[in-house]
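Subject: A structure for you to look through

Hi there,

Here is the structure I promised to pass on. Please open it beside this email, and then read on for what turned up in it.

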Amino acid sequence: MTVGDNERAVQLAEEVIGSGHFSLSQDYRGIFHGGSNTETIFAFANIRGEGVPPGGLFTPTNYPRGGSYFWVPTQEAMDMFSGDRRASAVFTFFGNLPMANKHPGGLQGGDPIQVSRIAELYLISAEAQGPAGISRLNELRSIRGLPAINISDEDEYLYAILDERNKELIWENFRFYDLVRTGKALEVLEHFDSEHLLRLPIPLREMNLNPNLVQNPGYF
């Protein structure tokens, strides 16, 4: 889809969906909490002795398993999941502090790192087909406890896809790239301009090591 070959994207996505090896499940929580699930296509087991602790950046410092709490779920993010089966796996509370719940291991790590899931293939097929692919979108919404939608307008449909991708793939590093590749970044992101589409920021570490470097336009 990134290069505009939607026909090929549909073909490949449907090939995996129709293979019978993977299926959508109501146990969204099990995908991220180490339970058995039918949705994972490829993931790193991330065993505790040698794994990466992604949850450490999302959990309060006084969380029993450790954490850093650099990123906190906003009320807006939590409100997206009203009536949604994904809610309990996406966020929870430690005391009165909201925290992401896709990575419950905190700094101890051990949470599986999802690389590819069947739900993403449903979203790829639905997006690449345009409004004709709404049945794939509604299949995913149904398994997540949401009602079917009916949209024929192409732009409105794209926003529905982006909203669903935002919920399904939240905190899995898809959102920014989804908005850029669909041309919606400047519309959706606040405090964002065209300079950000052309360049990434130079890492602060590199700036500190080399005083001759000048930060790219649009960044501080």
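Which residues are linked in a network of salt bridges? They are Glu-39, Asp-84, Arg-86, Lys-102, Arg-117, Arg-141, Arg-144, Glu-164, Lys-167, Glu-168 and Glu-172. A salt bridge here is a side-chain nitrogen of Lys or Arg within 4 Å of a carboxyl oxygen of Asp or Glu. By that rule, the count is 19 salt bridges.

Before you go further, a word on how to read the numbers. This is a predicted model, in which local features need pLDDT of at least 70 and side-chain atom pairs count only at pLDDT 80 or more, while totals for chains, interfaces and linings use all residues. Residues are numbered from 1 along each chain as its sequence is written, and side-chain values use heavy atoms, with hydrogens and water left out.

**Charged pairs**

Start with Asp-84 and Arg-86, a salt bridge whose closest N and O atoms are 2.7 Å apart. Asp-84 is buried at 7% relative accessibility, and Arg-86 is buried too, at 0%. The word buried stands for under 20% relative accessible area, exposed for over 50%, and partly exposed for what lies in between (1.4 Å probe, protein chains only). You will find Arg-86 in the loop between helix H3 (75-79) and helix H4 (87-90). Helices (H or I, at least four residues) and strands (E, at least two) are DSSP runs, numbered from the N terminus. The side chain of Arg-86 also has a polar contact of 2.8 Å with that of Glu-168. A polar contact is a pair of N or O atoms within 3.5 Å; within protein, one must be able to donate a hydrogen and the other to accept it, and residues adjacent in sequence count only if both atoms are side-chain atoms.

Glu-168 brings us to another salt bridge, this one with Arg-117, where the closest N and O atoms are 2.7 Å apart. This pair connects distant parts of the chain: Glu-168 belongs to helix H7 (residues 154-168) and Arg-117 to strand E4 (residues 113-117), 51 residues apart. Are these two residues buried or exposed? Glu-168 is buried at 0% relative accessibility, and Arg-117 is buried at 2%.

For a pair in another setting, look at Arg-199 and Glu-195, which form a salt bridge with closest N and O atoms 2.7 Å apart. Here Arg-199 is partly exposed, at 35%, and Glu-195 is partly exposed as well, at 27%.

**A hairpin**

Next, find strand E2 (residues 91-94) and strand E3 (residues 97-100), which run antiparallel and are joined by four bridges. Two strands count as paired if DSSP finds at least two bridges between them. Phe-91 stands opposite Ala-100 in E3. The hairpin has two residues between its strands, and Gly-95 takes a positive phi near 65 degrees there.

**Rings**

A pair of aromatic rings is described by the distance of the centres and the angle of the planes. Rings of Phe, Tyr and Trp (its six-membered ring) pair if their centres lie within 6.5 Å; planes under 30 degrees apart are stacked, over 60 edge-to-face, and the rest tilted. How many aromatic pairs does the structure hold? There are nine. One of them is Phe-176 with Phe-192, an edge-to-face pair at 5.8 Å centre to centre and 70 degrees between the planes. Phe-176 sits in helix H8 (residues 175-181), while Phe-192 lies in the loop between H9 and helix H10 (194-198), 16 residues away. Phe-176 is partly exposed at 29%, whereas Phe-192 is buried at 16%. Elsewhere, ring pairs link Phe-58, Phe-70, Trp-71 and Trp-171 into a cluster.

**A loop worth a look**

Trp-171 lies in the loop between H7 and H8 and is partly exposed at 23%. Its phi is near 65 degrees, positive in a residue other than glycine. Asn-173 is in the loop between H7 and H8 and has a positive phi of about 70 degrees, though it is not a glycine. Asn-173 is exposed, at 71% relative accessibility. For background, most residues other than glycine have a negative phi.

Enjoy exploring it!

Best wishes
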